[in-house]
Amino acid sequence: MAENLDLEKEKQKDLEYRKMVYEGAKSIFNAGLSQMGEGNVSVRVKKKDEMYITPSQNDYEKMTIDDVVHIKFDGTHLLSKRRASSEYLLHKAIYEARPKANCAIHCHPKHSIVMSILGLKLPLIIEEMAFFIGGEVNVSEFAQSGEEELGKKIIEAIGDTNAVFIRNHGLFVCGADMQYTVKLAMLIEKMSEIYLKCLELKDIVKVQVEGLSEDKTKKWIEMFNALNRTAPRIKKD
Ligand SMILES: [Zn+2]
């Protein structure tokens with residue numbers, strides 16, 4: 001009897017994780033952040049070195065919750081019909097480095113890719129960005145996709161924020177929950193488009209394009225640290 005109950009609970013949890021990944025994937029697809037099979041959305045399994053993630057060559061339009069892949073951090077597949085993309089290594093890297101990160105999204109949106117190719121950091125140009133991102137969005141060094149090295153480059157470049165551009169590749173974001181993480185990816189893509197537009201126009205209208213100064217974002221960074229931060233805090237002696 002107790003065994004049946006445990007099994008039922010496991011099934012329920014499995015369904016919940018699958019649903020979270022499915023809904024995150026549909027949201028980034030509907031927002032145009034991933035158009036073909038590229039990118040991946042994952043959720044960490046609480047208290048385990050496991051995650052649920054979108055499959056390799058995902059068809060975002062047709063995908064169902066059964067397509068979601070359950071894997072261990074070492075790549076072992078657990079009861080899944082599909083294979084996980086080798087980009088799961090990015091998600092593994094962030095979950096191992098940040099116990100507070102429960103969700104991660106990697107996608108290839110147009111303007112974020114432009115930023116990543118130009119090697120341009122996205123400065124904090126509106127206050128909202130400080131609260132959601134936690135600082136300017138850095139660009140990682142290049143490493144080939146599917147290699148463990150790329151995870152290391154991301155951790156090096158992400159700083160205390162929850163987002164990083166992957167050099168000549170795309171965008172990577174993480175968060176405590178899926179709703180926030182999806183919103184974060186959408187905000188960065190939108191702000192990248194706006195920032196690139198500003199760079200295009202700045203010589204025509206003869207102005208400088210600068211990020212907000214530290215004193216203007218201080219309050220929002222404090223709120224980010226209290227509510228959205230996933231990077232561990234370094235304890236001061
Ligand atoms: Zn990618």
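**Helix packing, core and loops in a predicted model**

Modeller: Helix α3 (residues 110–118) packs against helix α6 (residues 178–201), their axes being 7 Å apart and about 60 degrees from one another. Axes are lines fitted to C-alpha atoms, for helices over the stretch in contact, and angles run from 0 to 180 degrees between N-to-C directions. Helices (H or I, at least four residues) and strands (E, at least two) are DSSP runs, numbered from the N terminus. This is a predicted model, in which local features need pLDDT of at least 70, side-chain atom pairs count only at pLDDT 80 or more, and totals for chains, interfaces and linings use all residues. Residues are numbered from 1 along each chain as its sequence is written.

Biologist: Is the crossing of α3 and α6 left-handed or right-handed?

Modeller: A crossing is left-handed if the near helix is turned anticlockwise from the far one by less than a right angle, and right-handed if clockwise. For α3 and α6 the crossing is left-handed.

Biologist: Which residues of α6 do His 111, Ser 112, Val 114 and Met 115 of α3 meet?

Modeller: Two residues are in contact if their C-beta atoms, placed from the backbone, lie within 7 Å. The partners in α6 are Ile 188, Glu 189, Ser 192, Glu 193 and Leu 196.

Biologist: Which residues have the most contacts inside the largest nonpolar core?

Modeller: A nonpolar core is a set of buried Ala, Val, Leu, Ile, Met, Phe, Trp, Tyr and Cys residues joined through C-beta atoms within 7 Å. A residue is buried if 20 or more other C-beta atoms lie within 10 Å of its own, exposed if 12 or fewer, and partly exposed in between; C-beta atoms are placed from the backbone. The largest such core has 58 residues, and those with the most contacts inside it are Val 21, Ile 28, Val 173, Ala 185 and Ile 188.

Biologist: How many residues of helix α2 are buried?

Modeller: The buried residues of α2 include Tyr 88, Leu 89 and Leu 90. They pack against several elements, among them β1 (40–44) and α5 (148–158). Helix α2 (residues 88–97) is mostly covered, the buried count among its 10 residues being 8.

Biologist: Is Gln 57 buried or exposed?

Modeller: Gln 57 is found in the loop between β2 (50–53) and β3 (69–72). Its phi is positive, about 50 degrees, although Gln 57 is not a glycine. Because 11 other C-beta atoms lie within 10 Å, Gln 57 is exposed.
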